[in-house]
Structures are given as structure tokens and as C-alpha cells.
Amino acid sequence: MGASWSVQDFRQTGVTQSGPGAFFLFCFWKTWRPSVEKYGQMRFLTAEAKVSAGRLNGKMREKTLTMDTLNPQVKAVEYAVRGPIVIKAGEIEKYLEEGGTKPFSEVIKANIGDAHAMGQQPITFLRQVVALCTFPELMDSPSFPEDAKWRARRILQGCGGHSLGSYSASPGVECIRKDIAAYIEQRDEGVPSDWENIYLTTGASDGIMTILRLLVSGKDSSRTGVMIPIPQYPLYSAAISEMDAVQVNYYLDEDNCWALDINELYRAYQAAKLHCQPKVICIINPGNPTGQVQSKKCIEEVLHFAYEENLFVMSDEVYQDNVYTPDCQFHSFKKVLYEMGPEYFNSVELASFHSTSKGYTGECGFRGGYMEVINMDPEVKAQLVKLLSVRLCPPLAGQAAMDVIVNPPQPDEHSYKQFHQEKSSVLGALADKAKLTEQILNAVPGIKCNPVQGAMYAFPRIFIPPKAVEEAKALGMQPDMFYCLRLLEETGICVVPGSGFGQKDGTYHFRMTILPSIEKLKVLLGKVRDFHISFLKEYSALE
Amino acid sequence: SWSWDRTSWQTYATNLSAFPAAQSEHLQQKMSENGALPLRGKVLTLDTMNANVKKVDYAVRGPIVQRAVQIEKELKEGVKKPFEEVIKANIGDAHAMGQRPITFFRQVMALCTYPQLLDDNKFPEDAKNRARRILQSCGGNSIGAYTTSQGIDCVRHDVANYIQRRDGGIPSDPDNIYLTTGASDGIVTILKLLTTGEGRTRTGVMISIPQYPLYSASIAELGAVQINYYLNEEKCWSLDISELQRSLQAAREHCNPCVLCIINPGNPTGQVQSRQCIEDVIRFAAKENLFLMADEVYQDNVYAEGCAFHSFKKVLFEMGPEYSSKVELASFHSTSKCYMGECGFRGGYMEVMNMDPEVKAQLTKLVSVRLCPPAPGQALMDLVVNSPQPGEPSYQTFMKERTAVLSALAEKAKLTEEILNTVPGISCNPVQGAMYSFPRITLPERSINEAKAKGQAPDMFYCMKLLEETGICLVPGSGFGQREGTYHFRMTILPPTDKLKIMLNKLKEFHQKFTQQYS
């Protein structure tokens with residue numbers, strides 16, 4: 001990021017400070033929101049800017065690629081999870097590292113589901129297998145258990161030249177695809193899974209983008225419409241913008257624990273049909289950012305709806321192992337579809353996604369993932385394989401990590417005990433933190449938080465006083481963005497405003513992960529509470 | 001687009017559809033039990049799918065490679081063939097061809113993956129130091145954390161230092177470095193930024209013919225306009241500025257050319273561009289207001305005497321501020337080629353120069369949607385740009401391994417050219433760099449007619465026959481583009497020398513037989 005958010009650059013804008021912190025926020029916001037102004041007012045302190053400043057007297061060559069000539073779909077993309085607030089957090093971190101002072105000593109990044117960054121330890125067994133694959137000389141080391149060596153050997157045998165450094169087939173290493181199919185069959189209590197329907201991906205995001213890319217076609221009122229929940233994980237809206245598809249919002253019911261209401265699906269679908277061709281419905285279960293776990297009945301309703309209305313179903317199930325509330329259970333779309341009978345199971349086109357990044361492993365950096373695609377037209381499937389082949393293959397280390405997740409140590413194996421212990425300790429801690437987060441947040445006046453039934457986030461609703469809303473609007477900013485930037489500046493806590501995920505008009509939220517360690521999470525929640533109370537006071541006093 | 005593409009893919013599709021046979025049988029049974037159920041039409045069919053995706057072709061992993069995989073399976077199942085194994089010379093995949101990984105790189109990668117090994121005295125100190133440094137800049141000191149979308153800070157700094165050293169001190173700014181998921185990812189991303197407009201204002205992308213099909217595939221997927229400029233086969237596949245001018249002029253009639261892609265050293269053509277030629281290209285890009293994309297993934301793969309790699313960046317800066325402060329350039333590198341051949345890690349980087357700062361912010365935003373490139377690939381990229389130095393414990397082994405790979409490649413490049421040129425009807429330019437030879441083949445009229453009758457490109461027909469009869473898997477020239485009426489194939493020079501000799505001799509025999517048969 002070449003931009004510098006120095007306040008200096010904005011002095012001449014002549015904005016006066018209308019409220020606490022507002023001036024900073026304004027400057028920051030204007031910098032992030034790229035304007036159409038030209039280089040004369042360039043306010044980026046990058047090397048290029050210096051160069052161009054040095055040759056102003058010479059003839060200025062128009063750049064080929066400018067905001068005016070940039071792909072407009074790229075311009076339309078928004079991705080709040082790594083948006084301006086996160087960039088700001090990174091800058092504050094650097095500032096602190098360089099000895100700067102703030103009212104806090106560290107930035108806590110609760111913006112993204114990045115477990116290891118929050119101190120979660122990797123699962124030993126997974127890392128052992130991947131290390132063995134990476135440096136097979138370790139096969140001779142007595143400090144590695146046999147079950148890990150056995151798995152590593154098997155993976156390497158599936159790799160060209162027995163090396164993790166060779167390309168794999170574009171859909172992934174064959175034996176890993178078979179392991180995944182076996183895992184799905186076991187998870188779904190015998191519902192058949194064909195390994196030829198499994199495609200390894202570069203994280204789940206890659207798979208989701210690829211399927212959407214296949215589906216997007218048509219012009220104007222025949223342009224593909226993609227139904228997504230609101231609130232949603234912004235990968236969906238970003239991908240839809242990038243591909244110039246039509247985003248069709250269906251709202252989750254906040255008053256009902258973010259449940260999906262089938263009537264709302266019908267409403268959204270009917271309304272969308274007037275201006276586009278809705279072809280896909282995306283479901284995130286367990287929910288991100290909303291943390292709800294869908295009931296089996298609700299999944300049946302969705303599938304029936306998709307069957308009736310001829311929709312392709314994309315089920316994002318990356319949090320399938322992250323279910324915390326005892327009365328909730330993960331049901332895969334695939335299994336429910338099977339149980340609805342052959343007329344459904346043999347016709348509804350379904351792609352489901354999984355990843356190494358969440359669950360109990362939290363291996364985000366490896367970019368491992370897979371998708372299972374059922375009932376896809378065989379000709380389209382060939383097109384899918386062709387499309388994947390252009391990018392050659394997903395990273396092999398990620399594929400290996402995925403293999404360990406679907407083929408973990410069994411009770412009779414040496415590593416089972418330690419593996420099991422590590423796994424339950426991560427999942428147990430997450431369940432505790434989910435409960436704790438909900439409880440503490442609900443004790444704050446003006447914050448209301450649904451139970452975190454699953455996934456890794458709380459998405460509480462926050463009350464923002466009208467004066468604060470006004471001030472934010474005067475700055476051209478979403479009120480919850482204003483709130484979150486203030487929270488970051490004052491406490492060092494980085495959360496993502498609800499507007500980045502979508503929310504009902506007039507409501508405000510933020511997404512925070514429940515990943516920090518219990519002690520840190522308590523401190524964090526305490527700070528959020530104190531901030532919220534003082535924010536309310538400050539802006540209520542202005543009434 | 002060739003009609004054979006569709007046919008071949010459809011054949012492949014038909015094969016695929018055989019797999020869920022059990023499932024459809026099950027359905028039919030159930031259906032007859034339950035009485036006729038209305039079969040719900042598919043949402044996603046060839047007719048309804050994204051038309052741009054349909055246009056994508058990627059020969060390097062196309063139908064011929066699918067067939068090779070099938071033959072491999074048949075051999076395993078005991079089917080008798082006139083050969084014992086399939087040799088995949090279709091793709092630059094060094095490890096799959098038996099090249100060993102560089103020990104030092106893998107040591108560091110293992111240390112990063114399983115930091116408990118930092119206590120193991122079998123690992124050298126220089127490897128441990130690098131692993132510690134990489135881990136320190138990862139969130140939670142884990143390679144399992146997301147990195148920033150642009151890539152790990154210290155890796156970007158190391159890349160910038162490397163470029164600066166490589167280019168004789170010309171400064172490189174870490175802010176201009178973006179780590180990528182292999183070079184392909186970077187190339188697609190930059191093309192995505194550049195593609196805009198409708199009809200006559202649609203972005204045109206100039207690519208060399210023959211080209212690496214990633215370019216044509218991405219252009220098709222993005223719905224941009226492909227503009228071909230032909231390399232000069234008679235002059236060792238060199239790039240001719242008047243040809244650039246010609247193709248640009250012609251393209252301006254129907255689109256808005258704004259990008260020029262160069263692959264140096266060339267893929268599939270193996271030429272190494274002269275410094276003079278690079279200067280001319282840069283001057284051309286400056287004059288015509290073109291964004292330059294320099295694919296330099298084979299920068300360490302230069303074999304021919306009198307040839308040297310010159311980076312576009314360096315030449316650009318040596319041409320003075322008039323150029324260096326204005327020409328927009330993105331250059332690409334990767335962990336997959338050179339002496340390391342670590343394709344599976346999907347590591348790479350790009351350096352962007354003179355990019356509009358606002359556009360750069362958009363680029364950062366766009367890459368953030370995919371979160372980050374794989375952290376192991378980033379770590380490996382770091383090692384490539386920060387390899388063991390004289391005085392470090394691993395230096396000698398590292399240099400020995402590196403030199404062995406590169407000199408074997410040089411030898412194989414020479415050998416390939418020599419043997420191919422002894423075959424009547426095959427003529428092969430010197431393989432100055434990269435990893436491929438791209439010989440021209442003369443095909444008898446009768447084989448051309450037979451191919452056309454089958455709806456196949458003549459060199460596809462040739463390569464398919466070669467595969468069926470010898471087990472050698474090559475990619476037909478038509479997958480890369482070639483002058484009309486000429487035929488080629490691309491083969492890698494990666495098999496070990498003895499295997500390569502056998503392969504080349506089989507090829508020789510096949511070609512002679514083929515020529516006889518169809519004359």
C-alpha cells in the first residue's frame with residue numbers, strides 16, 4: 001500500500017474538526033476513497049509520485065492505466081474484511097513499532113478469522129505430515145511418528161516425481177481427492193461421494209469464484225442473478241461485482257437468531273426476476289458473519305425452493321466443524337438433499353465448499369480447500385476442468401494439509417491421543433469464547449448480540465446515537481464505519497463495520513472474531529464495552 | 001478457434017459423463033419405481049454458461065494431456081502398448097521429470113512448517129536463521145496465518161533487494177512488489193485491471209505468436225481482444241519492431257490496444273531477447289502509450305553463448321528518466337522455473353512500476369479479496385531471492401546443486417537442438433533459454449487432409465499419433481499459435497539426459513515413419 005494517511009496532506013482541504021476524531025477520520029476516509037482528481041493533487045507519497053513531481057515541467061505522458069481507464073468492475077469491488085479499517089490498523093501497528101504512542105500498547109486484529117495470528121497453535125500432526133512431505137529426508141528421523149510418515153509417503157506417491165514441488169493435476173492430487181470423497185461419505189453417514197466430483201482449490205474463495213464464473217452470463221434482464229444472504233461474507237459481493245453479475249439480497253432474520261426465512265427467499269427471488277435472471281443461491285452455513293447454524297428443516301426448505309425455481313445451489317460449509325451450541329448440529333446440504341429422495345438428489349445442482357483455514361486447524365496460510373460438485377452437466381464439468389487448468393494447480397502444501405484434515409489419526413494410531421486432545425482443546429475454547437462474547441456484549445446497553453451458535457464471529461447490533469449518525473454522514477461515511485474507526489483509534493481494537501457485510505437499512509453492526517485467547521478476549525470485550533458507553537455518552541450529550 | 005478444440009473437449013466430456021453411470025442407473029430405477037418424474041432441466045449447461053469461459057483454450061493441459069493420463073491408467077491396468085511408459089514432455093514441470101529439489105530450500109520450508117525442528121542439530125544454522133526470520137514476520141509466528149494481501153513484508157523487502165542487486169543497483173521499492181500465486185496469478189490480475197471498454201474501445205492485448213497459452217486463455221476469459229504479433233522464426237524467433245507496428249496499426253481499426261506482453265526468455269520459443277531489442281520495445285511502448293507486461297520467469301534459464309538475460313526494468317532505467325519515469329511496466333517472476341522448479345508451491349511475485357497510485361490502491365483491494373498468496377510459496381520465493389551467500393554453511397552444497405541443474409539444462413538444450421535438426425522434415429531453432437524447444441515440422445499433404453477431415457489441427461493429429469505410438473506427450477504448435485500453414489510442437493528439455501536421448505530418437509523414428517506413411 002503506497003498511500004500515506006498523513007494528516008499534513010489534508011490541511012489545505014480546510015475541513016474543520018466537527019467532533020472528536022472527526023478530522024482524522026475525514027482525512028483517512030478521503031484518502032481511501034479514490035477521487036477522480038488528477039495527478040496535480042496527487043496525495044500519495046510513493047516513489048512514483050516523487051518522480052512525477054520532479055518532471056512536472058516536462059511533457060506529462062498520460063498513464064495508460066488510470067482510474068478512468070481501469071476496469072470498472074474492479075472499481076466496483078469492495079472487500080471490507082481487508083478494507084480501509086484494516087489498512088489503518090496496519091499503519092497504527094507500524095507507528096507503535098516505531099515508538100509512537102497511542103492510548104493503547106497493541107492493535108488487536110479481531111477483523112479476520114485468522115486463528116494462528118491470534119495465537120492458536122497448529123495441530124502437531126498436520127504440521128508433521130506437511131514437513132515430511134516438504135523434506136522427505138525427515139522420513140529417517142525417529143522423532144516423527146509412523147502414522148505421520150505413512151501419510152506423507154502416500155501423498156508423495158501421488159505427486160509427480162514424488163515431490164511436493166511438481167504440479168498436480170488441475171483438479172488436485174488423485175489420492176487426496178479420494179480421501180476427501182471417503183471423508184464426505186463418512187461425514188454424511190454413507191451418502192455416496194464420487195471422487196471425480198471433488199476439486200481441490202486455493203482456499204474456498206477460489207472455488208466459489210470459479211463456480212460463479214461458470215454461472216455468470218447474459219445481458220440486461222437475462223444477466224445472471226446471484227442470491228446471497230444479507231449480512232453476507234463480502235467475498236460474495238466482491239466476486240459478483242468483479243464479474244458484473246446481479247446481486248440479489250435475501251435478508252436473514254436478526255430477531256430470529258439470523259435464521260433464513262423461506263418467505264424472504266421467495267420475496268427476493270420474485271423481485272429480482274423483474275430485472276435479472278436469478279440462477280444461483282448461495283448459503284453460508286454455519287453463518288459468516290452471523291454465526292447461526294441452519295436447522296435441517298430450513299435446509300430442506302431451501303433445497304426445495306432451489307428445486308422448484310431451478311437454482312444452482314452453492315453451500316459454503318467452511319465452518320462445518322465450528323458448531324458450539326449443544327442444541328445445534330451441522331447438516332451438510334449434500335446429505336439433506338440425499339435424504340429428500342432421488343428426485344432431488346439426482347437433479348439439484350450443488351457445489352459445496354470446505355477449507356483448511358477454519359475448523360480446528362485454522363491453517364489459512366496454506367490456502368487449502370476443496371469443492372464437491374454434484375449433478376453438474378458433464379459438458380460443463382469438462383469446461384470447469386479446462387478453466388481450472390489455466391491456473392495449473394492449487395498449492396500442493398495446501399492440498400497435503402487438506403488431506404490430513406479429511407484423513408486424521410484414527411483411534412488405533414499412535415498420534416490419535418495427542419491429535420484428539422489438541423482438536424478438542426481448540427474447539428472447547430472456541431465454544432467457551434462464543435458463549436463469553438455473547439454474554440459480555442449483551443450486558444452492554446445499546447449492544448444486542450445473537451447467540452454465536454457456530455463459525456468464529458459475533459455480529460452484534462449496535463445503537464448509534466443520531467448525532468453520531470449525522471456526523472458520520474457529514475463525513476460521507478457509514479455510521480458504523482465511523483464507529484469502528486473511532487474504536488480503533490481509541491482502543492486499538494480492529495473490527496469490521498456491519499456495512500461491509502450488508503444489513504437492514506437503519507441498523508448498525510460490527511463483526512468481531514472470537515479468536516483471541518480467553519484472557520485477551522475478556523480485555524477486548526471490556527474495552528469495547530467502555531468505548532461503547534463513552535461513545536453513547538459523548539453523542540447523547542450533544543443532543 | 002479450431003473446430004478440433006470443441007470436438008476434443010466434447011469427446012472428453014462424453015468420457016466424463018460415463019463416470020456417474022452408477023448414479024444415473026440408480027436414478028432410472030427409482031424413477032421407474034416411482035413412475036415418471038419430471039426431469040428438472042439443468043441450470044448450468046453449455047448453452048447457459050459464461051460464454052467467455054467456453055472460449056478459453058489451454059493446450060498445455062488440453063485434450064492431449066487428458067489422453068496421456070488415460071493411457072497411463074491403461075498401462076497400469078496392464079493394457080499392452082508399444083511402449084512402457086508415458087513421457088510427459090508437455091509441461092515445464094522439473095520435479096515430475098526427476099529433478100531433485102534444492103536441499104537448502106526444502107530445509108528452510110520444513111523448519112517453517114514444523115518449527116520444533118529448530119532444535120534439531122541436523123539442520124544448518126543458515127537455514128534456521130532464514131526460517132526464524134520468515135516466521136517472525138508471519139502472524140502468530142505461523143506459516144498458517146494469513147499474510148497481508150500484498151505478501152509478507154520481509155519477503156517483499158528481500159525481493160526488492162534482489163531486484164536491485166540483479167539490476168546493478170537500480171532501486172526497487174518493496175511497495176511495488178506483490179507476491180502472487182505463481183506468475184500466472186499476477187498476469188491475470190494485471191490483465192483484469194486493464195480490461196475495459198465496449199466494441200471498438202475494448203482493451204486490446206498484444207501477445208507474441210507463438211505465445212504461452214495462459215495469455216490467450218486469460219484474454220478470452222476476460223473478454224479482451226487478442227492482438228497477435230508474430231515472432232520471426234527465420235531469425236531465431238526474434239521480435240521485430242516493424243511487426244509490432246503492423247499488428248498495432250491493424251488492431252486500432254477494431255479495438256483499443258493498451259497492453260504489450262513480452263515473454264523473455266521465450267515460451268515456447270526459447271529465444272533470449274537482445275538488449276537492443278528490449279530498448280526498441282520500450283521505445284515503442286512509450287511512443288504508443290502501451291502498458292508493458294514482461295514475463296521473466298525464465299530469467300535464470302539462459303544457455304546459449306553470447307546470450308544474457310536483461311530485465312526490462314534495468315533497460316528501462318538505463319534509457320533515462322524520460323522513459324523510466326513514465327513507462328508503466330509490470331514484470332513477473334516465479335518459483336516454478338529456473339534451477340529450483342518448485343511448481344507445486346505456487347510462489348511468485350510481480351513488480352509494478354509507474355502505476356498510477358490510485359490504481360495501485362485498487363490493485364491492493366482486488367488482491368485482498370483472495371486474502372493472500374499461499375504462505376509456503378511466499379517463503380520459498382524469499383529463499384530464491386535470498387539464497388545462501390559465500391561464508392554461510394550451506395553455500396557450497398547450494399551452489400553445487402544449482403550449477404548441476406543449470407548446466408544439465410544447457411547440455412540438454414544443445415542436445416535437443418542437435419538431434420532434432422538431424423531429422424529430415426524437422427527444423428529447430430537454437431534453445432537459447434527457457435525450457436522448451438519448438439521445432440517446425442513438415443507434414444505430408446495427405447496427413448493434413450486426414451486431420452482436417454477429422455476436424456483436427458494437423459499438428460494435433462501428429463501429436464496424438466505420436467502419443468498413441470510412442471507414449472511421448474507433446475503439445476501441438478496450434479495450441480500456442482503459429483503462422484498459417486506452418487506446424488510445430490513444444491517439448492520440454494527437462495527429462496534426464498539419457499531419457500531425453502531415447503525420447504528424441506523415438507521421435508526421430510516416428511517422424512520418419514509418419515512421413516513415409518503419408519507420402
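I began with burial in chain B: of its 519 residues, 64% count as buried. The model is predicted, so I note here that side-chain atom pairs count only at pLDDT 80 or more.

Next I looked up the overall dimensions. The C-alpha trace of chain B spans about 65 × 60 × 50 Å along its principal axes. I then checked the radius of gyration. Chain B has 24 Å, and a compact globule of 519 residues would have a value near 24 Å, so the two agree.

I turned to secondary structure. Chain B holds 19 helices and 14 strands. I also looked at how far apart in sequence the contacting residues lie. Among contacts in chain B with a separation of 6 or more, 72% join residues 24 or more positions apart.

Surface and charge came next. Chain B exposes about 18700 Å². Carbon and sulfur atoms supply 50% of that area. I counted charges too: chain B has 56 positive and 56 negative ones. Their mean positions are 3 Å apart.

Then I went to the nonpolar cores. In soluble globular proteins, nonpolar side chains tend to be buried together. The largest core here has 244 residues. Which of its residues touch the most other members? I found A:Ile211 and B:Ile190.

I noted a second, separate core of 40 residues. Among its members are B:Leu443, B:Phe461, B:Tyr487 and B:Leu504.

Key. Residues are numbered from 1 along each chain as its sequence is written. Chains are lettered from A and ligands numbered from 1 in the order in which they are written. This is a predicted model: local features need pLDDT of at least 70, side-chain atom pairs count only at pLDDT 80 or more; totals for chains, interfaces and linings use all residues. Side-chain values use heavy atoms; hydrogens and water are left out. Helices (H or I, at least four residues) and strands (E, at least two) are DSSP runs, numbered from the N terminus. The radius of gyration is taken over C-alpha atoms; the globule rule is 2.2 Å times the number of residues to the power 0.38. Buried means under 20% relative accessible area, exposed over 50%, partly exposed in between (1.4 Å probe, protein chains only). Contact means heavy atoms within 4.5 Å. Accessible areas come from the Shrake-Rupley method with a 1.4 Å probe; for residues, only the protein chains shown count as cover. Lys and Arg count as positive and Asp and Glu as negative; His and the chain ends are not counted. The place of a charge is taken as NZ of Lys, CZ of Arg, CG of Asp or CD of Glu. A nonpolar core is a set of buried Ala, Val, Leu, Ile, Met, Phe, Trp, Tyr and Cys residues joined through side-chain atoms within 4.5 Å.
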